[in-house]
Every structure is written in structure tokens, then in C-alpha cells.
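Below are some notes for a colleague who has the sequence and the coordinates open. They are arranged as numbered points, each on one part of the assembly.

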Amino acid sequence: MLNFIIKRLLYIVLAMYLIITATFFLMQLAPGSPFTSERELPPAIEEQLNAKYGLDNPWYIQYKDYLVDTMTFDFGESMKYKGRSTNDIIAESFPVSLALGLQAMVLAIGLGVLLGVVSALYHNRFGDYAATIFAILGISVPSFILAGLLQYYLAFEAGWFPVSGWKGFAYTILPSLAIAVTHAGFIAKLTRSSMLEQNNSEYVKLARAKGLGKWTIVFKHSLRNALLPVVTYLGPLFAGVITGSFVIEQIFAVPGLGRHFVTSITNRDYTVIMGTTVFYSLILLLAVLIVDILYSVIDPRIKLKGAKK
Amino acid sequence: MKKKVLEVNDLRINFKTYAGVVQAVRGVSFELYEGETLAIVGESGSGKSVTSNALMKLIPQPPGIYAGGEINFNGRNIIPLSEKEMMQVRGNDISMIFQDPMTALNPTMRIGTQITEVLLKHKKVTSKDEAKKRAVELLDQVGIPFPEKRYKSYPHELSGGMRQRVVIAIALAADPKLLIADEPTTALDVTIQAQILELMKELQKKSNTSIIFITHDLGVVANVADRVAVMYAGQIVEYGTVEDIFYNPQHPYTWGLLGSMPDLNNSTDELLMAIPGSPPNLIDPPKGDAFAPRNEFAMKIDFEMEPPMFKVSDTHYAKTWLLHPDAPKMPVPDAVARRIKGYQQEGM
Amino acid sequence: MAQNEQQIPKVSADMFDVVGRSENTDALSKKQVSYWKEVFYRFSHNKLAVVGLALLIIIAGFAIFAPIFSSYTYEQNVGLYNTAPSATHWFGTDDLARDIFVRAWEGARISLFIGITAAVIDLIIGVLWGSIAGLAGGRVDNIMMRIADVLTAIPYLLVVIILLVIMEPGLVPMIIALSITGWVNMARIVRSEVLKIKNQEYVLAARTLGANQWHIIKRHLIPNAMGAILVTMTMTIPSAIFTESFLSYLGLGVQAPLASWGTMASEGFKALQSAPWRLLFPAALISITIFAFNAVGDGLRDALDPKLRK
């Protein structure tokens with residue numbers, strides 16, 4: 001196990017290096033600079049600003065500086081909001097996004113597994129059709145559209161929920177729901193097909209031959225085996241929740257990292273863009289590692305080998 | 001007179017499929033007595049597995065249909081029983097072991113738990129502790145070393161032979177009167193095969209369980225069976241004691257089966273007798289004898305009318321027109337005759 | 001058991017003439033239902049999939065013909081601002097007095113074009129990458145798949161967003177951005193199909209008969225992998241449409257006056273209170289299209305699944 005973790009961490013370092021480099025060069029290629037949107041700056045001041053941010057150095061020097069900074073987790077200062085360091089921005093807003101994200105994940109998994117189990121148990125009957133249609137609808141309606149509709153009809157018109165902000169539990173419901181629904185749909189479908197597959201397996205047949213009842217078989221036998229593929233979806237789920245946050249946070253005015261990221265893109269605020277990208281990538285790679293470890297814990301057959309595959 | 005445990009009368013089972021209705025079992029009848037072993041032999045598609053699954057009503061009901069006949073277990077027809085009532089029977093009065101022990105055991109559940117499940121469900125014990133004790137006993141009985149330790153193992157930690165022993169332990173946990181063994185040794189190495197067969201015979205002697213043994217391997221049949229039913233295309237074509245079948249086979253298909261076994265006693269350069277072709281399509285079964293197209297001894301009547309079951313002796317029946325009093329007397333093929341002589345000499 | 005008192009049936013003497021085996025014993029095997037016929041059968045019995053397919057055909061039809069037959073063009077000012085759906089303007093009009101119905105179907109063309117093109121590009125790159133990796137094996141395979149792994153490690157959406165930032169949003173950049181990481185999935189699937197087939201005996205047989213790589217790819221690989229490829233493609237398209245609408249909402253979509261469903265939806269958001277139809281119609285169309293593709297894709301996957309064969 002330890003071997004596996006170490007190898008994966010090395011792999012993560014390599015991947016991060018590539019991501020950082022790629023991000024850097026992409027930013028270099030980007031047209032415009034953070035200062036172009038402001039009114040015409042006198043060239044002297046522009047030069048000064050460029051010198052301050054090292055934008056006038058040859059690219060390889062910028063690259064070296066950047067690498068060094070990143071190693072020390074110094075993501076520099078925001079170009080747009082003078083005096084605000086990227087690290088501060090991340091430190092402030094990430095916990096919010098994390099809370100939102102975790103809530104969305106719990107919702108997605110809970111709702112998804114429930115729907116999936118129901119549709120598998122009532123296979124080809126009404127329960128199956130209803131749950132499957134629900135799941136497909138969830139997948140089909142883009143989260144931001146759902147968010148807008150929820151906000152308009154349930155918060156604004158009906159007043160059941162606050163329209164926007166992040167001041168208490170009630171504020172978290174609509175945003176996390178909006179993010180979760182699509183993923184709940186995927187998980188429901190995954191759970192359903194996995195459960196159905198278990199139904200055709202030999203050990204379920206043996207369980208029936210033992211005289212066990214349908215519900216006993218489902219909860220004591222099939223479910224645990226059926227959920228294994230769902231665990232592998234946790235990685236993409238996490239990624240999806242992060243990206244979902246970009247737009248949802250905007251719509252519901254949640255002060256999370258996603259919102260800052262989007263704003264920084266519109267503002268061409270390169271330091272924030274790069275810092276946030278690197279940060280997100282790292283989180284995602286770590287999340288996948290955690291999921292893999294989790295998988296091996298749940299499935300007694302898996303012995304993690306030293307190599308990745 | 002031994003007690004009759006199972007009586008199957010004219011069992012018919014169909015399957016609705018995309019291509020049509022498949023008549024998988026077409027009028028199967030047999031009996032089984034206490035403490036004896038009946039082997040059901042046949043190639044793939046003969047209906048032997050469907051029959052055995054049907055005995056525990058394990059056929060999924062769409063697409064399967066119980067189209068006729070009775071299955072009388074201890075005098076009671078189980079076909080009309082509800083699923084709830086069947087759950088009382090399964091694992092308790094009748095139990096089953098499967099071919100592939102790797103997939104038959106739940107990979108994420110410890111083997112001990114898989115045994116205690118049966119005991120607790122059918123109330124053979126009064127507490128969880130008692131269940132565990134009994135399970136460890138069972139593991140010991142089936143020959144698993146260090147049973148208390150193994151109680152906690154997962155299936156993938158055991159070898160194929162060990163797993164099959166666990167499957168047997170599960171099947172025998174509730175002391176069933178009837179054990180259905182569906183090709184239990186096919187997936188195992190030959191040496192392990194012998195061990196498992198020995199184990200089964202031993203356990204049977206101790207508990208007087210009746211066994212239905214499904215296989216395509218005549219060698220195994222000779223080893224374990226008291227009586228044999230040969231199945232082809234959904235019907236039993238020959239039925240008798242082990243001696244009847246091996247010393248006095250009457251049906252050309254049985255001859256084919258015997259002739260295609262390697263014969264170590266008579267080494268000639270002669271090729272193994274192979275039956276060309278394959279079993280018929282059961283969506284549209286032929287109107288005559290189903291084996292006729294592959295039968296070198298087929299007669300005109302075989303293509304027109306299905307033969308009835310002719311009596312050869314009190315214990316021996318065969319479903320072939322060759323036993324009609326007006327039919328020509330066919331000698332048993334040489335290859336088969338040689339083997340029969342060999343068996344008799346060995347004192348099988 | 002069997003009849004104990006047998007009425008032995010009367011049979012005429014000549015019926016006992018020995019006839020022997022039938023000539024064509026091997027021809028008596030099961031009625032072979034052709035593979036594709038059975039696939040088609042299973043698909044057509046899947047209600048959801050059929051509904052999805054019907055919807056796709058309807059949408060495609062409208063996308064092709066509605067703008068042609070409409071009395072308005074997509075940028076024409078019809079004089080009515082923000083009117084609700086009516087007999088003359090089935091989807092209403094927007095804040096620049098444009099007929100939404102026409103715009104919706106022009107948008108359909110754009111969104112579908114983006115989705116399908118991205119999927120096709122993914123297909124081409126993915127198939128090439130996957131089959132080369134699979135066929136070559138060894139180090140080449142290893143390296144190629146490692147590259148693919150790293151690419152998937154990079155969050156898809158981040159890459160897309162950043163690319164769009166660099167390239168200035170528009171139709172072509174959008175398509176490029178969508179295809180850039182999508183091919184990895186296709187490559188993985190193609191590679192696993194190749195590996196499956198590579199080791200099959202009939203390929204070995206073909207090889208010993210002297211067939212070269214291309215021949216093998218053509219005759220064996222493609223028919224077998226086709227199923228998996230087709231399913232993947234039907235899933236890539238809705239994902240592309242989804243991402244496109246998402247990015248458009250962020251302002252990174254195609255630029256005016258061109259409109260895709262995504263840009264229309266994002267504009268419609270702003271007028272949700274006063275003119276909800278401006279969001280509802282494009283949103284509904286997006287959802288229905290994604291739904292239809294998913295239903296068809298699921299149906300295809302179930303129909304092609306060899307485990308479900310009789």
C-alpha cells in the first residue's frame with residue numbers, strides 16, 4: 001500500500017509539473033494583458049507595471065521565476081486587485097466552495113444510489129420507468145439552467161428559499177441541489193445497471209438457492225458489490241462538482257473559489273488564473289488518489305500493486 | 001422399501017425468446033429414492049441444467065414457463081407453490097451446488113458468514129454464536145484445514161478446490177434431503193475432482209442425502225451414480241441403473257456417448273466414435289425422434305413419429321424405436337462392445 | 001415413471017427400414033439470427049431509445065428546414081420587442097425584436113454542428129490513437145497511454161476555459177477546445193477493443209494467412225469495435241452540447257450575431273422575470289436534445305451488449 005501511495009505521489013508531481021508548464025505557456029500565448037482593459041496608461045507607468053510583474057522578462061526567466069514561486073506555493077499577487085495575494089483569495093474562498101461541493105456530493109450520491117436501487121428492484125415496472133426518467137432528466141438539464149429555474153421559481157416567486165448569498169444553511173440548499181442533480185442522474189444509471197448485473201451473477205443465484213428473500217439478497221449481497229463501480233465514479237464526480245461550482249456560485253452569489261476563477265478569466269487576471277488552475281489540479285489529483293485508496297479498502301479483492309495499473 | 005424423495009412427472013419447460021418459444025424440457029419423468037444418487041447426463045443444450053434449476057423453481061419466470069407436469073418432492077407438488085413457500089424449501093429441504101465456485105461465492109462477503117446465513121435463515125440454530133460454531137464444524141467436515149481461521153476468509157483467498165468445499169458446506173448446512181449438484185467438478189483440476197467426489201460420497205453416506213448429479217462426463221457417472229438418466233434435446237432417452245447403462249445400453253445416443261470416451265483398455269488405431277452434427281433447434285423440435293438426423297441406425301419411423309419409452313427391465317427404460325418388437329435387432333457397435341467388456345472385466 | 005403397461009403402437013413393417021443419418025447434419029444448427037438484425041430488434045423494443053431517436057429526427061428536421069421556410073431571418077427586426085409566443089411568432093420575440101423561433105433553429109444548427117464536429121474529431125483522433133497504441137503494444141502503447149492519462153488528469157473544463165481565453169471565443173475555437181481532451185475517452189475504448197481482438201484466434205489465423213495490419217483493421221477490428229465506438233459517439237455529442245452551453249453562459253461562446261442555444265439561454269437568463277420564454281425555449285431544446293442523445297446512446301449500448309444475447 002505504501003509503495004502504491006509513493007508511486008502515485010511521484011506521478012502527481014510529474015503531472016503537476018506538466019500542468020504548471022502548460023498553464024504558463026498558455027498564459028503567455030494569451031492576447032492582451034491584464035492592463036489593456038483599463039484606460040490608456042501612459043507608457044512609463046505601463047513599463048513600471050510590467051517590470052513589477054516581470055512581464056518584460058524573456059519567457060524563460062518568467063518561467064523559471066514562476067516555477068520557483070509555485071514550488072513555494074507563492075502564487076503571487078492578483079493583477080487586478082492590487083494588494084490581494086492569490087493565496088489569500090484561495091484561502092478565503094476555497095472553504096466555501098468545499099462546503100458547497102461536499103454537500104452537493106452527498107446529495108448526488110444519496111439521491112443517485114436511492115434512485116438506482118429503486119429502479120433495479122422494480123425493473124421494467126413503473127418504479128423503474130419513473131426513476132430512470134428522473135435520472136435522464138437530471139442528466140439532460142444543464143446545471144446552470146436548472147439553477148436559474150430553481151432560483152426564479154422556488155426562491156424568487158415562491159419565496160421558499162433565499163435567492164442568493166451564503167449566510168446560513170438555507171442558502172446552501174438550492175445551489176447544492178443544482179450542482180448535484182446531474183450527477184445524481186449519472187450515479188442512478190450506474191447503480192441501476194450495476195445492480196441489474198449483480199442480479200444475473202452466480203452468487204445471487206446461490207443466494208436464492210439458499211432460500212434467502214429478495215430484500216435480504218439486495219441489501220446483504222448485491223448492494224455492496226453493485227456499489228463498487230459507483231466508487232470509481234467518485235473521481236469524476238468531484239471534478240464535476242468543482243466545475244459546476246464555477247457557474248452556480250455566480251448565479252447564487254456564493255463567495256467561493258469558482259466565482260473568483262471565472263471573474264479572473266474575464267479580467268484576464270493571469271496570476272489568479274494560474275494560481276487557481278494549479279490549485280484545482282492538485283486537489284483533483286489528490287482526490288483521485290483518495291478514491292483509489294478508498295476503492296481498495298472497500299473491495300477485498302483489490303491489492304494495490306506498486307505500479308499504477 | 002426405500003422412501004421416494006422425488007418424483008418428476010412429464011415436466012415441460014419453455015422459454016420465450018426473441019427468436020421464438022424454446023421447448024427446453026419436453027416431458028421429463030424420473031424418480032429418486034432416499035440416499036441414492038441419480039446422474040443426469042447429456043451434452044450442452046440437452047436440458048439437464050434447466051431440469052435441475054426447475055427442481056428448485058429457480059428458473060426466472062419471464063422468460064421461463066412451467067408448461068406442464070409435476071415435481072413431487074416428498075409427495076408434495078412444488079410447482080404451484082408460491083415464492084414465499086419455495087423460500088422455505090430452498091437451502092433447507094433441497095439445496096444446490098454450482099459449477100464454478102469462483103463466481104458462486106459472494107466476493108465481498110466472508111465465507112463464514114455465507115454459511116451462517118443459511119443456518120440462521122432456516123432457524124437451524126438459536127443464536128449467532130451457535131451458528132458460528134456449527135459453521136466451523138461444517139468447514140471441518142468438508143475438509144478445510146484450520147476452520148476457525150478460515151471462517152473469516154474471503155473467497156478469493158482460497159483455492160478452487162477449497163471454494164467448492166465451502167459451497168458444499170453451504171449446501172449441506174441445513175441438512176437437506178435432496179442435493180442437486182450441477183456439474184460441480186467440471187471447473188476443477190482432475191485431482192481435485194476426485195477429492196471432491198470422494199467428499200460428496202462420504203457426506204452422503206453419513207446423512208443419507210439423495211443427490212442428483214448433473215454432468216456430461218461419463219467417467220464421473222461411473223464413479224458416483226446409482227442410477228442414470230441420459231438426456232437429449234429436452235427428453236430422457238435412456239434411464240436405468242449404472243449397470244444397465246454401462247453394460248447394456250440400448251439407445252444409439254448412449255452408444256455414441258460411451259463410444260466417444262477414451263478407452264484405455266483396448267488400444268487399437270481406431271478413431272474415437274464421434275457423433276457428427278449438433279443438437280436440434282428446440283424452437284421447432286422435430287416431429288420424430290430428435291436424435292434421428294445424427295443417428296446412423298435411424299429408421300424411417302424415427303423421422304415420422306416420436307418413439308415411446310420402451311421397457312427393457314424393471315429398472316431400465318429406453319426411448320428408441322429399436323426396441324419395438326418389429327424393429328431389426330441392431331448389435332451394439334464394436335467400439336462400444338469392447339468398452340463394455342472392459343468395464344465388466346474391471347468389475348465396475 | 002414410463003408406462004408400465006405399454007400399448008405398443010402399431011407400426012407398419014416398412015417403417016423399420018434403416019435409413020441412417022441425414023446428409024446435412026451440420027446444417028441443422030440453430031436458426032441463426034444475424035447479429036445486426038438482433039441488435040436492431042432489441043433497440044426497436046426499447047421504448048425510451050425509440051422516443052429519443054424520434055425526437056432527434058424531429059429536431060434535425062426542424063433545424064434543417066425551419067430557417068429555410070421561415071418568413072423571417074435570424075437577425076431581422078420584426079418590430080415587436082419582447083413579445084410572448086403568439087400565432088405569428090411561435091417562440092415569441094427577444095429584446096432586439098428578433099423572431100425566437102427562427103433563431104432557435106439557427107441556433108440548433110450551430111449547436112448541433114459544434115457537437116457533431118467535436119464528436120467526429122474525437123472519433124478520428126481517438127480511433128487513430130487507440131488503434132495505433134493497441135496494435136503496436138509495448139513501449140509505444142505505454143507512452144501513448146501515459147500521455148492520455150496525464151491529459152485526463154488535467155480537469156477538462158479548466159483546459160477548455162483556458163484555451164478559449166487564449167483563442168478569443170468563436171465557433172472554431174469552441175470546436176477545437178471541445179475536441180482537445182474529448183478524444184482520450186474514445187482512444188481508451190478503441191484501444192481496449194483492439195487489445196481484445198488482437199489476441200483472438202481468428203486474427204492470429206488471419207495473420208498466419210499473410211494478412212497485413214491494415215487488412216486486419218478493416219475486416220476485423222472495425223466491425224467489432226464499431227458498436228462501442230458508436231455508443232461513445234452518441235454520448236460525446238450531448239456532452240459537447242452541454243459544455244458549449246455552459247461556456248456560452250460564461251461568455252465564452254460564439255459571438256453575436258451568430259447564436260447557439262447556449263448563448264440564447266445565457267441571454268435569456270437576464271430577462272427571466274420579464275420574458276421567461278427567452279430562456280425556456282432554448283433551455284428546453286438543449287435538454288430535450290441531450291435527453292434524446294442519451295436515450296439513443298443507452299439504447300444502443302443495451303442493444304449491442306453481447307451478454308444480453310439469448
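1. A residue is taken as buried if 20 or more other C-beta atoms lie within 10 Å of its own, and as exposed if 12 or fewer do. The model is a predicted one, and by this criterion 40% of the 310 residues of chain C count as buried. The secondary structure of chain C consists of 10 helices and zero strands. Among the contacts in chain C with a separation of 6 or more, 69% are between residues 24 or more positions apart.

2. The contact between chains C and A draws 28 residues from chain C and 29 residues from chain A. On the side of chain C that touches chain A, at least two residues each are supplied by α4 (138–153), α5 (156–167), α8 (213–249), α9 (261–270) and α10 (277–304) of chain C. The greatest contribution to that side is made by α10(C), with eight residues. By class, the residues on the side of chain C that touches chain A are 23 nonpolar, four polar and one charged.

3. Which residues have the most contacts inside the largest nonpolar core? They are A:Ala178 and C:Ala265, in a core of 135 residues. Helix α3 (residues 100–136) of chain C provides the largest share of this core, 15 residues, and at least three residues come from each of domain 1 (2–71) and domain 2 (93–298) of chain A. Leaving aside residues up to four places away in sequence, A:Ala178 touches A:Ser143, A:Leu146, A:Ala147, A:Leu150 and A:Ile248. There is also a second, separate core of 105 residues, which includes B:Phe15, B:Val22, B:Ile111 and B:Tyr317.

4. Chain A is divided by the domain assignment into domain 1 (2–71) and domain 2 (93–298). Their contact takes 13 residues from domain 1 of chain A and 12 residues from domain 2 of chain A. On the domain 1 side of that contact, helix α1 (residues 2–29) of chain A gives the largest share, nine residues. The side of domain 1 of chain A that touches domain 2 of chain A has nine nonpolar, three polar and one charged residues.

5. The annotations for chain A come from an unreviewed UniProt entry, which lists "transmembrane region" for residues 9–30, 102–122, 129–156, 168–188, 230–252 and 272–298. In the model, residues 102–122 of chain A are 95% helix and 0% strand, with the end C-alpha atoms 30 Å apart. Residues 272–298 of chain A are 100% helix and 0% strand, and here the end C-alpha atoms are 38 Å apart. The unreviewed entry also carries the annotation "domain: ABC transmembrane type-1" for residues 94–295 of chain A. Over residues 94–295 of chain A the model is 85% helix and 0% strand, and the end C-alpha atoms lie 26 Å apart.

6. In chain B, four strands form an open sheet in the order β2-β1-β4-β5, with antiparallel pairing. Because β2 (20–33) and β5 (76–77) of chain B stand at the edges with a single partner strand each, one side of each is left without a neighbour in the sheet. Strand β1 (residues 4–17) of chain B runs antiparallel to strand β4 (residues 64–73) of chain B, and eight bridges join them. In β4(B), B:Ile65 is the bridge partner of B:Asn14.

7. Is strand β8 (residues 210–215) of chain B enclosed or open, and why? Six of its six residues are buried, so β8(B) is largely enclosed by the rest of the structure. Both faces of β8(B) are covered, with B:Ser210, B:Ile212 and B:Ile214 buried on one side and B:Ile211, B:Phe213 and B:Thr215 buried on the other. Strand β3 (residues 37–41) of chain B pairs with β8(B) in the parallel sense over five bridges, and B:Thr37 has B:Ile211 as its bridge partner in β8(B). Strand β7 (residues 178–182) of chain B also runs parallel to β8(B), joined by five bridges, with B:Phe213 as the bridge partner of B:Ala181.

8. Helix α1 (residues 48–55) of chain B is mostly covered, six of its eight residues being buried. The buried residues in α1(B) are B:Lys48, B:Val50, B:Thr51, B:Asn53, B:Ala54 and B:Leu55. Just after α1(B), B:Lys57 adopts a positive phi of about 50°.

Note on methods:
Residues numbered from 1 in each chain as written. Chains lettered and ligands numbered in written order. Predicted model: local features only at pLDDT ≥ 70, side-chain atom pairs only at ≥ 80, totals over all residues. Contact = placed C-beta atoms within 7 Å. Nonpolar A, V, L, I, M, F, W, Y, C, P; charged D, E, K, R; others polar. UniProt positions renumbered as here; feature names shortened; annotations may be inferred. Core = buried A, V, L, I, M, F, W, Y, C linked by C-beta atoms within 7 Å. Domains from an automatic or database assignment. Pairing = 2+ DSSP bridges.
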